[in-house]
Amino acid sequence: MSLDDVQHAKFTFLYVPADINDAVQERTFEGEERGFRAAMNAHFNRENLLQKEADKFKEDLSKKADGKLTDEQLTTLIGAERTYQIIPLTLPTKANGFHGTNAYIDSIGRVKDLPLNARASRICSTDIRGDCFLSTTFDDEETFRRVDITKKDFESLMANPPDARGRWSETAALSQLLSQQQAAAAASQAALANKNKEHVCGNCGKKETPAGEASENPVKLKRCGACGEVYYCSAECQKQDWRHHKRVCKKK
């Protein structure tokens with residue numbers, strides 16, 4: 001099961017507005033992890049990013065990356081699905097009961113020329129532009145779930161800010177996001193290529209009859225149940241080929 005599928009019981013997280021005159025709010029969420037992440041995306045949505053802001057974003061990123069990012073890569077970053085970045089404030093360890101607290105911020109708050117968030121900046125040990133959310137998780141590498149963080153916890157963070165210096169870099173975070181997007185695009189292309197690939201029986205070489213094609217004796221191939229890499233037209237063919245295939249077959 002992926003993290004996106006984790007089902008959370010109702011938990012409290014914090015909204016820290018950029019405007020210091022606005023009170024910190026306790027908010028609740030219940031449901032799948034993907035729903036919580038979608039809520040973060042919705043808040044930091046960049047659909048209304050003006051062209052001049054997009055151009056400024058490109059220029060700013062290009063400078064920070066020393067010109068190592070192409071125009072195409074910069075455009076890809078602007079269109080990124082995830083519109084926020086995560087700053088780990090406290091890391092889950094055995095000493096703290098495997099509880100960690102993260103800050104969620106606008107990934108291009110500076111480009112949007114959002115106001116400085118003084119409270120979030122103090123907690124995160126770096127300048128934060130725009131709104132911020134705080135969420136605490138339990139994560140012992142076997143179980144992951146979100147747990148409550150309250151205004152009292154926020155007051156403790158303000159009184160004793162964690163040393164989060166070096167845990168987040170705008171340039172590094174955006175470069176990581178780009179790498180993730182490129183990997184996702186490559187995986188998508190590979191999946192499409194595999195889908196369109198013409199499969200044949202690993203023993204006799206018979207080709208699979210294309211879906212929808214009329215045939216008196218249609219050939220339907222089935223994958224090896226262990227590795228899923230080789231196809232066979234019948235159990236007999238699979239049995240005959242096993243003396244060869246067993247040397248390379250690896251269970252997924």
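Select Arg119 first. Arg119 sits in helix 4 (residues 118–124); helices here are DSSP runs of H or I with at least four residues, strands are E runs of at least two, and both are numbered from the N terminus. The model is predicted: local features need pLDDT of at least 70 and side-chain atom pairs count only at pLDDT 80 or more, while totals for chains, interfaces and linings use all residues. Numbering starts from 1 along each chain as its sequence is written, and side-chain values use heavy atoms, with hydrogens and water left out.

**Around Arg119**

Colour by accessibility. Arg119 is buried, at 11% relative accessible area. The classes are buried under 20%, exposed over 50% and partly exposed in between, with a 1.4 Å probe and protein chains only.

Now show the neighbours of Arg119. Leaving out residues up to four places away in sequence, Arg119 touches Val16, Pro17, Asp19, Ile20, Asp22, Ala23, Val24, Phe154 and Met158. Contact means heavy atoms within 4.5 Å. Pick Phe154 from that list. Arg119 and Phe154 are 35 residues apart in sequence, and their C-alpha atoms are 9.7 Å apart.

**The salt bridges**

Go to Glu33. A salt bridge here is a side-chain nitrogen of Lys or Arg within 4 Å of a carboxyl oxygen of Asp or Glu. The whole structure has 5 salt bridges.

Glu33 bridges to Arg37, with the closest N and O atoms 2.9 Å apart. Both residues belong to helix 1 (residues 33–43). Glu33 and Arg37 are 4 residues apart, about one turn of the helix. Glu33 has a relative accessible area of 0% and is buried. Arg37 is partly exposed at 26%.

What is the N to O distance between the side chains of Arg146 and Glu33? The two meet in a salt bridge at 2.8 Å. Arg146 is in strand 6 (residues 144–147) and Glu33 in helix 1, so this pair ties together parts that are 113 residues apart in sequence. Arg146 and Glu33 are both buried.

Widen the view to include Asp4. Salt bridges link Asp4, Glu33, Arg37 and Arg146 in a network.

Then select Arg34 and Glu32. Their side chains form a salt bridge, 2.9 Å from N to O. Arg34 is partly exposed at 37% relative accessible area. Glu32 is partly exposed too, at 33%.

**The aromatic rings**

Show the Phe and Tyr side chains. Rings of Phe, Tyr and Trp (its six-membered ring) pair if their centres lie within 6.5 Å; planes under 30 degrees apart are stacked, over 60 edge-to-face and the rest tilted. The structure holds 11 aromatic pairs.

Zoom in on Phe29 and Phe36. Their pair is edge-to-face, with the centres 5.8 Å apart and 70° between the planes. Phe29 is buried at 17% relative accessibility. Phe36 is buried as well, at 1%.

Zoom out again. Which residues do ring pairs link into a cluster? They are Phe11, Phe13, Tyr15, Phe29, Phe36, Phe44, Tyr84, Tyr104 and Phe133.

The charged end of Arg27 sits over the Tyr15 ring, 4.2 Å from the ring centre. The test for a charge over a ring is NZ of Lys or CZ of Arg within 6 Å of the ring centre and within 35 degrees of the ring normal. Next, select Arg145 and Phe138. Arg145 lies over the face of Phe138, 4.3 Å from the ring centre.

**Two positive phi angles**

Select Phe98. Phe98 is in the loop between strand 3 (84–90) and strand 4 (99–106). Its phi is near 65°, a positive value in a residue other than glycine. Phe98 is partly exposed at 27% relative accessibility.

Move to Glu141, in the loop between strand 5 (132–139) and strand 6. Glu141 is not a glycine, yet its phi is positive at about 75°. Is Glu141 buried or exposed? Glu141 is exposed, with a relative accessible area of 80%.

**Last stop: the cysteines**

How many disulfides does the structure hold? It holds 0, a disulfide being a pair of cysteine sulfur atoms within 2.5 Å. Select Cys204 and Cys201. The closest cysteine sulfur to that of Cys204 is in Cys201, 3.6 Å away and too far for a bond. Cys204 is partly exposed, at 40% relative accessibility.

Finish on Cys237. Cys237 is in no disulfide, and the nearest cysteine sulfur, that of Cys233, is 3.8 Å away. Cys237 is buried, at 9% relative accessibility.
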